[in-house]
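Please open the model in a viewer and follow the selections below in the order given. Each stop names what to select and then describes what is found there.

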Amino acid sequence: MKIWGASVDAPSLIWLCASAGIALGGVLSASCAWGTAEQLIRESSLPRYPAVFHESPNSSLGIGFSKFSKLSPQESYTHAVEMACRSLAWSTQVRVKGERLFEQTAGDRTESRGENIDLLDLAEIGPEKCTLDTLLHPPYAWVVATDNSTPPQGWKELAALSATAPLWISSTPGNPSWHYATGCSQIAYKNEPGSWELAAYNALVELAFLVKSRVRRLDKSEEIESGSSIVEVDSSLRGVQFVGHWRDREVAYVLARVPVSGATSHLD
Amino acid sequence: MRTITVLLWGALVLAAFGGCGAPATNLAPEANKKTISNLPEWYINNPDDPNYIFATATMTSKDLQLAVDKAATAARTQLAQQLETKFANLTKQFQEEVGAGESSELLQQFTSATKAVTQQTLNGSKIDKKDIQSESGIYRASVLMSLPIGPANQMLMDKLKANQDLYTRFRATKAFEELDKELKEGGQ
């Protein structure tokens, strides 16, 4: 028999086929084994978070955490306190003002052309103005900041986040007394606290857009047609609560809410 | 024979590791059958509620939040356009009823009232549902956004009430009946 011009006898052909089969089987089983091992590792190493992170109580509080370093423990706590105070400040009072510019290009695609959003009139909250409680659960140092009230009981109990996504990830809760919004962020391996904070910030900004926003289309500018839109926001939020946290392998999600009576817009 | 064996082994190694390369990410992939089948049911069939207007949008980005922001903005733009169309229809109805010749001033006042409301200001535009898919190195965010019609209707009614002459004439039209009915239904 001839294959690609070379003559091959029957035993060689059998050997050839057997080798190819073994190699292919090896590649396939290696990839399956890798998948199973990866799943096992993932399940056994689900990160655990304090109870307050799972379902926050019905009050404004700030949660902060930072990678704990034995060499500089004070620095770790300082970072966590700063994050907790920032979170409490967002919860207490904040004015979200700014705009996002988008351009609709050919094929009805929308491209971001940048945004400028500021958090103004923030409540001044520092370690001296709130009650702090700490928890060391390596690799993180945790801090909960409350506004002159005792931190919720049992907040230090640790548990893994639910393996299945909570309903609020896909469907925003509805309640006539509250506005709800979710924010998300890709989890940065080296800075998980930062990822959670970014997700909380995104939820906060979405709350502000929900209260009132203005869409201005810049359809004609100096006789040149463009499909640009500016979405403006200027909302004050009082009493924001970050009531849900969840993550999968890649993404951190935060659910925030603000009482309807605590949300006002400054747009005309 | 040895050549063939080497070639076959080479092909297998290439097949095994061929996927390890990192091709350039297409940030705006064309929608294909998989994209469409992955879209949530609510994307195709918007909810039906007379007290709300709905818009859906799907956008992609390498950055997750940007994909969500883009989809939300596209949906908000659609909501604003829908609101504008709704009040444009009301203006047209009013115009037909009062007659072009009767009072162009009244018509102008009415148009200015609707414009004040539909300066594309959205009160309570909310992401009701959100879906995030990861496809070939990018994120696709799909959102269903809703806007309650009540506040916009109420704002228009208040603006019209502020102008006594205009409101008196408006009350005698079917356009008023329609707006009033929507307000009452929305308040239930």
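**First stop: a helix pair in chain B**

This is a predicted model. Begin in chain B by selecting helix α5, residues 104–117, together with helix α7, residues 164–171. The axes of these two helices come within 10 Å and cross at roughly 95°. Because angles of 65 to 115 degrees count as roughly perpendicular, α5(B) and α7(B) are described as roughly perpendicular to each other.

Next, display the side chains at the crossing. On the α5(B) side, select B:L106, B:Q109 and B:F110; on the α7(B) side, select B:D165, B:L166, B:R169 and B:F170. The residues of this contact comprise four nonpolar, one polar and two charged.

**Second stop: a helix pair in chain A**

Move to chain A and select helix α3, residues 73–92, and helix α4, residues 192–211. At what angle do these helices pack? The angle is about 10°, and the axes lie 12 Å apart. Since angles under 35 degrees count as roughly parallel, α3(A) is roughly parallel to α4(A).

To view the contact itself, select A:M83, A:R86 and A:W90 from α3(A).

Is A:L255 buried or exposed? Its relative accessibility is 5%; because buried means under 20%, A:L255 counts as buried.

Now select the residues that A:L255 touches, leaving aside those up to four places away in sequence. They are A:W168, A:P173, A:Y180, A:A181, A:T182, A:Q241, A:F242, A:V243 and A:G244. For a further reference point, select A:E82: A:E82 and A:L255 are 173 residues apart in sequence, and their C-alpha atoms are 21 Å apart in space.

**Last stop: chain A as a whole**

Among contacts in chain A between residues at least 6 apart in sequence, 67% join residues at least 24 apart. With a surface displayed, note that chain A exposes about 14100 Å², of which carbon and sulfur atoms supply 55%.

Notes. Residues are numbered from 1 along each chain as its sequence is written. Chains are lettered from A and ligands numbered from 1 in the order in which they are written. This is a predicted model: local features need pLDDT of at least 70, side-chain atom pairs count only at pLDDT 80 or more; totals for chains, interfaces and linings use all residues. Side-chain values use heavy atoms; hydrogens and water are left out. Buried means under 20% relative accessible area, exposed over 50%, partly exposed in between (1.4 Å probe, protein chains only). Contact means heavy atoms within 4.5 Å. Accessible areas come from the Shrake-Rupley method with a 1.4 Å probe; for residues, only the protein chains shown count as cover. Axes are lines fitted to C-alpha atoms, for helices over the stretch in contact, and angles run from 0 to 180 degrees between N-to-C directions. Helices (H or I, at least four residues) and strands (E, at least two) are DSSP runs, numbered from the N terminus. Angles under 35 degrees count as roughly parallel, over 145 as roughly antiparallel, 65 to 115 as roughly perpendicular and the rest as oblique. Ala, Val, Leu, Ile, Met, Phe, Trp, Tyr, Cys and Pro count as nonpolar, Asp, Glu, Lys and Arg as charged, and the others, Gly among them, as polar.
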